[in-house]
Amino acid sequence: MTDKIYVIHENEEWTTHLFKRLDELELPYEDWFINEGLVDLNDVPPEGVFYSRMSASSHTRGHRFAPEMADSLLAWLEHHGRTVFNGTRALRLEVSKVNQYMALNSAGIQTPKTIAANGRAQIIEAAEKLGVSSFITKHNRAGKGLGVRLFHSIDALKEYLDSEDFEQSIDGITLIQEYIQAPEPFITRCEFVGRKFVYAVQVDTSEGFELCPADACRIDDLMCPVGEQTEEKPKFQIVEGFNDPIIEKYETFLRHNEIAVAGIEFIRNSDGEIFTYDVNTNTNYNGDAEAVAGKYGMLELAQLLGSQLKDLRVEA
């Protein structure tokens, strides 16, 4: 058999652990590093199982057009009926928080009030229109906490926009979003493999929203929702026995949007309401937290890909 698992990505640091698990399971795979390249639309793709880990933050690693290249590749694969995990629909949501929020809302999932703007005057207008005392800015195509800033006044926003600190989103769209005040300094990230819930991890935000488990995404302490914490504890902790009705909504959302693998992040306000603010389709896992809980996301993923490869061979 020549068919194998193909991993489509632009960041070698984020595939190391997956390749290790595939090796452990003795599964054949090929590394498809997508940055520059070509897709011959007149050719026929190889047989196999294709998994995309394309990231919205690729431009921060010098891979500005990797998502666009991956989109072309995935469209080609889907046209030929290949088995694709996290295909064109998933990538569309990965690179646009506007698309994420609209899809989440369609699934009955609450997101923070948000306005998308392009241009300095429009960003200010959006903040005024939002009409809340505290708000944040963030990039529409983001990842790694890009462009995330907390403001308590329009004047502070204007000062930021006029400073050298202001950085434009790579797609030109800045989001102005209501600030959700959490009673405790953490957010929750729910991990899914094969559109099924694997575990929830609690992420400590007392030092700012450095949320990516694999690639430290530190931003200024300005985003810290509470004061300093004196007791040292792990930043990532898997929540034992996590069970909330939001999980069923998330699984339905993933199914309807053809997303096989994802990490979905939410925050609770003081009334206990859940606000979902990020869908990460190239999700990573924290090794220390997994070792403590005895649960391993990359192993689950490798097993899923292996199972699909086996099914493909049976069909053949």
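Are Lys-97 and Asp-278 buried or exposed? Lys-97 is buried, and Asp-278 is buried too, where buried stands for under 20% relative accessible area, exposed for over 50% and partly exposed for values in between (1.4 Å probe, protein chains only). The model is predicted: local features need pLDDT of at least 70, side-chain atom pairs count only at pLDDT 80 or more, and totals for chains, interfaces and linings use all residues. Residues are numbered from 1 along each chain as its sequence is written, and side-chain values use heavy atoms, without hydrogens and water.

The chain contains nine helices and 13 strands, taken as DSSP runs (H or I, at least four residues, for helices; E, at least two, for strands) numbered from the N terminus. Its radius of gyration is 20 Å, close to the 20 Å from the globule rule for 316 residues, so the chain is as compact as a globular protein of that length. That radius is computed over C-alpha atoms, and the rule is 2.2 Å times the number of residues to the power 0.38. Along the principal axes, the C-alpha atoms fill a box of roughly 65 × 45 × 35 Å. Of the 316 residues, 52% are buried. Where contacts (heavy atoms within 4.5 Å) join residues at least 6 apart in sequence, 71% of them join residues at least 24 apart.

Next come the charged pairs. Side chains of opposite charge can pair when their charged atoms come close. The structure has 12 salt bridges, each a side-chain nitrogen of Lys or Arg within 4 Å of a carboxyl oxygen of Asp or Glu.

One of them joins Lys-97 and Asp-278, at 3.2 Å from N to O. This pair links distant parts of the chain, with Lys-97 in helix H4 (residues 97–106) and Asp-278 in strand S13 (residues 274–280), 181 residues apart.

Another salt bridge is formed by the side chains of Arg-141 and Glu-68, at 3.1 Å from N to O. Arg-141 sits in the loop between strand S6 (135–139) and strand S7 (149–151), and Glu-68 in helix H2 (residues 66–79), so the pair ties together parts 73 residues apart in sequence. Arg-141 is buried, at 10% relative accessible area, whereas Glu-68 is partly exposed at 30% relative accessibility.

In the salt bridge between Arg-189 and Glu-191, the closest N and O atoms are 2.7 Å apart. Arg-189 is buried at 2% relative accessible area, and Glu-191 is buried at 1% relative accessibility. Elsewhere, salt bridges with shared partners join Arg-64, Glu-68 and Arg-141 into one network.
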